[in-house]
Amino acid sequence: MNQFLQSIPVQRQVLYAIAICTLPLLLMFGYFFYQKSEVNSLAEHVESVKQQALLREKKQAVNMAVRKHYTDTDRFYIDKQLETLTFLEPETEALQKIAKQSHLIVDENVKKRLEFLTEENNFVFSEGNVQNFPYFRETQETLVHPVEVDINDVQKILSRIEGVQIGNYIPGPNRPQLIITDFKMEKKNVHEKNEVFVLDLKLIKREFF
């Protein structure tokens with residue numbers, strides 16, 4: 001053994017000794033950085049779980065606030081506040097004045113138009129699919145037929161559906177959550193002075209338990 005060691009140059013022996021001495025340090029540093037990487041990974045996971053918990057808590061708080069806001073709503077809100085609306089009132093009033101003038105022969109088209117405005121041109125909703133969820137119920141509400149409206153009527157309708165004041169129009173009391181899922185409006189000119197639109201829409205009525 002001694003002969004073998006003596007056959008190795010001194011410089012190489014020194015290098016071997018240094019290598020043997022530094023190997024434990026290298027292994028120790030390698031283990032340290034591995035453990036540090038594991039700790040960082042664990043810390044990132046904890047932070048991710050924390051953020052998810054915060055988001056879940058915020059979402060739950062929002063849900064609770066929405067449920068609280070829509071407690072004691074009127075389940076007949078659509079019947080009372082939407083299906084009772086009247087549209088194109090200026091045109092209706094003008095045609096009624098013409099119809100009441102006995103000295104005039106009222107045109108048949110005027111009669112038909114007035115009959116349409118007073119008897120047919122109103123909201124009639126049909127209840128469709130009903131879905132029950134843990135804390136609320138959703139009902140699809142679809143207009144049976146489109147209606148004719150002007151810009152003021154549109155503001156009045158949106159105020160009662162969205163639950164906010166628009167112009168001079170305010171929503172009705174105890175409104176359930178109403179969500180517009182389809183809204184179509186096409187322009188129709190009856191005559192030059194009145195800008196009329198044909199409106200069709202669909203809603204979801206959401207009632208919370």
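**Exercise 1. Which side chains does a polar contact of 2.4 Å join, and where is Glu-138 found?**

Step 1. The side chains of Glu-138 and Arg-206 are joined by a polar contact of 2.4 Å. Such a contact is a pair of N or O atoms within 3.5 Å; within protein, one must be able to donate a hydrogen and the other to accept it, and residues adjacent in sequence count only if both atoms are side-chain atoms.

A word on the model before going on: it is predicted, local features need pLDDT of at least 70, side-chain atom pairs count only at pLDDT 80 or more, and totals for chains, interfaces and linings use all residues. Residues are numbered from 1 along each chain as its sequence is written, and side-chain values use heavy atoms, with hydrogens and water left out.

Step 2. Glu-138 is found in strand 2. Helices (H or I, at least four residues) and strands (E, at least two) are DSSP runs, numbered from the N terminus.

Step 3. With a relative accessible area of 12%, Glu-138 is buried. Here buried means under 20% relative accessible area, exposed over 50%, and partly exposed in between (1.4 Å probe, protein chains only).

Step 4. Leaving aside neighbours within four places in sequence, Glu-138 is in contact (heavy atoms within 4.5 Å) with residues including Asn-129, Val-130, Ile-204 and Arg-206.

**Exercise 2. In what sense do strand 1 and strand 2 pair, and over how many bridges?**

Step 1. Strand 1 (residues 125-132) and strand 2 (residues 136-143) pair in the antiparallel sense, over 6 bridges. Two strands pair if DSSP finds at least two bridges between them.

Step 2. Now look for a facing residue: Thr-142 in strand 2 has Ser-126 opposite.

Step 3. The link from strand 1 to strand 2 is a hairpin through 3 residues.

**Exercise 3. How many aromatic pairs are there, and which parts of the chain does the pair of Phe-136 and Phe-208 link?**

Step 1. Rings of Phe, Tyr and Trp (its six-membered ring) pair if their centres lie within 6.5 Å; planes under 30 degrees apart count as stacked, over 60 as edge-to-face and the rest as tilted. The count by this rule is 4 aromatic pairs.

Step 2. One of them is formed by Phe-136 and Phe-208, with 5.5 Å centre to centre and 50° between the planes, so it counts as tilted.

Step 3. This pair links distant parts of the chain, with Phe-136 in strand 2 and Phe-208 in strand 5 (residues 194-208), 72 residues apart.

Step 4. Phe-208 counts as buried, at 15% relative accessibility.

Step 5. Phe-87, Phe-123 and Phe-125 form one aromatic cluster.

**Exercise 4. Which residues of helix 5 are buried, and which are exposed?**

Step 1. Start with the length. The expected span is 1.5 Å times one less than the number of residues. For the 13 residues of helix 5 (residues 108-120) this should give 18 Å, and the end C-alpha atoms are 17 Å apart, which agrees.

Step 2. Val-110, Arg-113, Leu-114 and Leu-117 are buried in helix 5. They cover an arc of only 95° around the axis, which puts them on the same side of helix 5. The arc is that of the directions from the helix axis to the C-beta atoms.

Step 3. Lys-112 and Glu-119 are exposed on the other side of helix 5.

Step 4. An α-helix has 3.6 residues a turn, so residues three or four places apart point the same way.
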